[in-house]
Amino acid sequence: MQIGIIGFPYSGKTILFNILSQTESDNSPIRKEINQTLIKVPDARLDKLTAIFNPKRKVNATLEIIDISGVQGTEDLKAQFTTQFLTKVRYNDAFLLVLRAFQNDAVPHILGTVDPLRDLNMFNDEFLLNDLAFVESRIEKIGKDLMKQKNKDVMKRELDIMHKWNDALTQGIALRDIEHTPTDIKYIKNYQPLTAKPMIIAVNMGDEDIAKRDLVTEPLKQAINSKKVVIEPLFARIEKELAELDEDEKLVFMKEYGLDESPLYRMIRSIYHLLGLRSFFTVGEDECRAWTIKEGMNAQESAAVIHTDFYNRFIRAEVVHYDDFIQHGSLFKCKENGLLRLEGKEYIVKDGDIINIRHS
Ligand SMILES: Nc1nc2c(ncn2[C@@H]2O[C@H](COP(=O)(O)OP(=O)(O)OP(=O)(O)O)[C@@H](O)[C@H]2O)c(=O)[nH]1
Ligand SMILES: [Mg+2]
């Protein structure tokens, strides 16, 4: 899962990338590029399991992020979004759009004024137009091919889908907000339309906005109104300071600002959830670990995330939910109370399940 950080110049993308990188995973391979990395997904449940089992290693779930600069720093609005930029963003699974809401005279906004709603609309419109241009060209091409009598059935099916997309886009509706059949989803995977991707909007505010953060995000929420878009406040400058403190100091600092948890942690979890990702845990003396699955995956598919071999060698999964485990305090107690169960291949794994795979 790769998430592209996008936004206008001087919106705070690189600051956000850098503070996210502070949670860089220990398991992260050598950075492929300076602007690309794996980050840890914070999880208080995993921290608690680690405190109980005291293993040699704790391994968090991860997400891959990439800092994509390149929207032109020009006042010519038409020239903002180059083909090169749009090509770079297309192969991300989701976008993290940074909108500038902070004032800073030292770095003026390229459009002269700070207006997050305007910026959001510009990105949305550009992505809609880009998808629309693609859909129109497909419709034209399929029309021509149909006359040449090629693969008629497949072509007609695609044409129906393209018309459906076209209807939505011309009404200004993003493809993420319409219903898709499994066949539609294949076309989405192939063509990677921009408006089909989930989006997290980070509204980067100034320190003085903390108390009124909901007021700042409200108009954006009303403008967007989509289940596949999450809007979160970001205080990039404060987060940068927080990142330099140790845990105790952080708590004092956040209290001062009236924050009960790091907005950044909240944001990472939001992204994870929005992508339909869930975690199950494995525990033991060697390692406590959170594994990432897609919502709805069964026990056999989930076992394959640990090791591809486990798919064919799967026998059963021993499962207890984190909440039950914490309530009863030990695996033994859970077993006594019938909460540690043996599940078969088809069992749908739940977020927070603690699992031990029995395999041949
Ligand atoms: N006051 C204030 N300034 C900020 C904040 N976030 C970023 N800045 C300033 O804005 C400037 C640009 O921040 P970057 O993170 O480099 O912006 P960017 O989005 O990566 O910009 P490009 O890479 O040029 O597209 C820096 O000088 C920051 O100090 C913030 O939350 N508050
Ligand atoms: Mg940058």
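**A helix, its end, and other sites**

Modeller: Helix H10 is followed by Gly 276, a residue with a positive phi, near 75°. This angle, like every value below, belongs to a predicted model. The helix itself runs over residues 263-274, which makes 12 residues. From its first C-alpha to its last it reaches 16 Å, close to the 16 Å expected at 1.5 Å a residue.

Which residues of H10 are buried? They are Pro 263, Leu 264, Met 267, Ile 268, Ser 270, Ile 271, Tyr 272 and Leu 274.

We turn next to the ligand. Around ligand 1 there are 16 residues, of which Tyr 10, Gly 12, Lys 13, Thr 14 and Ile 15 come nearest. By class, this shell consists of eight nonpolar, six polar and two charged residues. The side chain of Thr 14 has an N or O atom 2.7 Å from an oxygen atom of ligand 1. For Asn 204, a side-chain N or O atom is 3.2 Å from a nitrogen atom of the ligand; for Arg 237, the corresponding distance to a nitrogen atom of the ligand is 3.1 Å. Of the 660 Å² of accessible area that ligand 1 has on its own, the protein covers 77%. Two elements give two or more residues to the shell, namely helix H1 (13-21) and helix H8 (236-243). H1 gives the most, with three residues.

Gln 192 lies in the loop between helix H6 (182-191) and strand S6 (199-204). Gln 192 counts as buried because its relative accessible area is 18%, and the cut-off is under 20%. Residues up to four places away in sequence aside, Gln 192 touches Arg 90, Tyr 91, Asn 92, Tyr 187 and Lys 197.

Glu 343, found in strand S11 (residues 341-343), is also classed as buried, because its relative accessibility is 19%. Beyond its neighbours within four places in sequence, Glu 343 is in contact with Phe 314, Arg 316, Ala 317 and Val 319. Its side chain also makes a polar contact of 3.1 Å with that of Arg 341. Glu 232, by contrast, is 111 residues from Glu 343 along the chain, and the two C-alpha atoms are separated by 38 Å.

Key
Residues numbered from 1 in each chain as written. Chains lettered and ligands numbered in written order. Predicted model: local features only at pLDDT ≥ 70, side-chain atom pairs only at ≥ 80, totals over all residues. Heavy atoms only, no water. Near = heavy atom within 4 Å. Polar contact = N/O pair within 3.5 Å; in protein donor to acceptor, adjacent residues only side chain to side chain. Areas by Shrake-Rupley, 256 points an atom, 1.4 Å probe, with all protein chains shown as cover. Helix = DSSP H or I, 4+ residues; strand = E, 2+ residues; numbered from the N terminus. Nonpolar A, V, L, I, M, F, W, Y, C, P; charged D, E, K, R; others polar. Buried < 20%, exposed > 50% of the residue type's maximum accessible area, 1.4 Å probe, protein only. Contact = heavy atoms within 4.5 Å. Expected span 1.5 Å × (residues − 1).
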